[in-house]
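Subject: Structure handover, aromatic contacts

Hello,

Here is the structure for you to look at. My notes on its aromatic rings follow below.

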Amino acid sequence: MIRVEGLHKSFGEVHAVAGVDLRVERGEILVLLGQNGAGKSTTLRCLGGILKPDAGTIAFGDLRLPDNLDNVRARLGVVPDQARLYGRNTATEYLDHFGFLYGVPAAERQRKIAQLLERFGLADRTDTVLAAYSRGMAQKVALIRATLHEPDWIFCDEPTAGLDPVAAADMRHYLVEQRERGAALILTTHILGDAELIADRIAIMRGGRIVTSGTLDELRQKAAHGRTYAARLAGPPGDPVVVGAWLAEHATSHTLDGDGLSFTLPWETPVAERARFAARLEAVLEAQGSPYFELEERQPSLEAVYLDAMSQPLPDADPAPRPSRFVAGIGAARMFGSIRNQGRLLGHALPFYVSSWWRRGDLSWVMYLNAFVLLLVAATSLFGQLPGPAGQITARLAGTAALQAGLLLPLFFLSFALLESIKSSIGIWWEKAQGSLEVLLYTPLDDPSLVWLEVLPGAIVSTVWVTAWMAAGMALLSFFGESAPWDLLPAFAFVAAVTSYWAAMGRMLGFMLFPREGAAGGAWSFLLSPVSAAVADLPLALFVFRSPLAIASLALPITACFALTLICGVTFDRERLMETGVGRRRRRVWFQLTVVRRNVAAIAAGLLIAAASAGIAGAITAGQQWHSWSDVSAAVRGRTPDPQPVAAVQHPAQNPKVIGVTVASAGLAGVVATLALMLATVVLSFAAFFLLGVPAVLNLVVLGGLWGVQAGFGGGGTLQPWLAGAGGVALLALALNTGSALPIYWSLAFGSGRRLDRLREAWSNYWALYRALVIPACVVFGLVVFRLLATG
């Protein structure tokens, strides 16, 4: 039995579900009717556990949500409003994949899949990819997927929409079979004929509320005053007044028009009484020479019942309750502890994903490009070093071992980059992009398994792929008599694993922080790529150049990935994964004054940090009478600096003619400087995010101090306009950026309410402040650079 009481769900100011009460018994079909936007799909998603209700009780037998959500999902089957299948897989592969996720044993999966495909007439299409299926065929596959594990509860959102009459009848017949098996079903539809044919009970929704419900007969009784009958007479009665008087005495209402007669009896009139009434009516009409030769009951249609429900005044809804506190996120112990349980899931998912990649042609073209670069490595190795002066210089600087390792770097980066470009074709990102994520979220995968399903398959494939190609490159070096750095193979494999892990976790975090950007929300991991290069490629470079710090540097990527996993875990929320970004968007205001006012303290703190460090450094410089960086270096080493300031080099007075080429070059340099500073501030904020802002604050203190020292030198230096002028504007941009990001770091560790909500609001405010304050400061920096270059 399914029991729902007082269900409420709001999205912002929209009260989508406003106090829904439902009850579905075992072996019963309930059909939900209503206009688009009435709340039918939202209700089903709340019952399926992928949306969190604001209030209300949801129980499946003895299992209540959300406490027993995983147990309910294992016994639940859902058919969304569209099939949304995996177009590159066959029906057998697709159904086997979801049968595994629902825990159906392999032998039983194969038997049931073959049996149901035969049942729906799809046995001869098992070798055809699902993208070639018609809508009716795809809907049949979706229904098989939802019932393969013989669920106790089945939800179908418009299961017969767009189907031809034969396919729709077959679908209805199969749903009746599920009811006879003992399942409780909830269906939504706009096809009233389907509801009349299949429903045990019907509920009509309007404005997020159930306006009427009951069996079809009960709804007809509510919509009409009684049972209406129509009779065809042999001719007009001889005395219509006599017939009318008799009907007025024995019927609720009647109409007599020539040889046509209609009358209404109360709903509670028993069958025997209705039969006697018909016999007496026949006698009355016979006496008037006009007996009836046809008599039928005209029941109110479901359409009439539905239109009557839609025309009634909507009662006032209860005020939307405050959302109940729902603890989202995954704790660190649960997140990392769940890794040991992923072996079976990975054993199934890896072959499924890799075969999908290969069938699409992704892996094949990447293999061809990798082979091409491998040939370049082989050709280069014939020289023994890079040809020409470049080889001599590189050998002198890097040494032979580093040079041979450097030959493999293009192969490494190309193989990894190409593989990363296709790995999003399967996983949460791909599911979200094609709209099939809802189906996956209904499966009995717990939250950590969903995260690892996005992260681990790609990391494993990347590691194996890159390691294999790097081994092939080293084998070629050895084949041509070169010294192959085999000891670096584990370093290449490690960097591939860390970088792919980082990218996948970054995508998941993007979905949590920017859910309304849809699948593009995961693309924010692209912005993390500079951070990825810092945490992963730096150790690789140290290994290539045989640095003694190479082993110790591995702690950097390991720590970064650990921190990213923790943040992704605590922010995880299935409901946010369901947000698509489709809908009304607010008009973007470039300068949001309210946001600036709300964060003025943080902005002032960033400016104060920069000003304090610059002021202290400038005061020290003036007090020590330092006039150049040579003086600073001498003081640091304990030497006495030159007390005389460095005289500025006097150039002859010139009046250079500013030509167009100079102005154009200066303008281009200004644009590049603006964009570079904008990118640097964003990368700094992302990098500092994982360490609670400490790197951003320390960077601001250091740069402020350096600028203060430079400003304390006075105007004697030839580069003073550059270092003091342009550097001051760059410092201002960094101070504004750090101040704008301080609420993010604060919300990560402190504050009230859910951490995820705090982070979303903080990031939203950061981007507003970035547009309003940081970008203009970067533009001013670019203008200063342009001015300095244009005037010589």
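Is Tyr770 buried or exposed? The model is predicted, so keep that in mind throughout. Tyr770 has a relative accessible area of 6%. The cut-off for buried is under 20%, so Tyr770 counts as buried.

Tyr770 also has a ring partner. Trp767 and Tyr770 form an edge-to-face aromatic pair. Their centres are 5.9 Å apart, with 80 degrees between the planes. Both residues belong to helix α30 (residues 755–790). They are 3 residues apart there, so about one helical turn separates them.

That is one of 17 aromatic pairs found in a search of the whole structure. Another is Tyr86 with Phe352. Here the ring centres lie 6.1 Å apart and the planes meet at 45 degrees, so this pair is tilted. Tyr86 and Phe352 are both buried.

Tyr86, Tyr94, Phe98 and Phe352 make up one aromatic cluster.

Arg119 lies over the face of Phe120, 4.8 Å from the ring centre.

Best wishes

Conventions:
Residues numbered from 1 in each chain as written. Predicted model: local features only at pLDDT ≥ 70, side-chain atom pairs only at ≥ 80, totals over all residues. Heavy atoms only, no water. Phe/Tyr/Trp six-rings, centres within 6.5 Å; stacked < 30°, edge-to-face > 60°. Buried < 20%, exposed > 50% of the residue type's maximum accessible area, 1.4 Å probe, protein only. Helix = DSSP H or I, 4+ residues; strand = E, 2+ residues; numbered from the N terminus. Lys NZ or Arg CZ within 6 Å of the ring centre and 35° of its normal.
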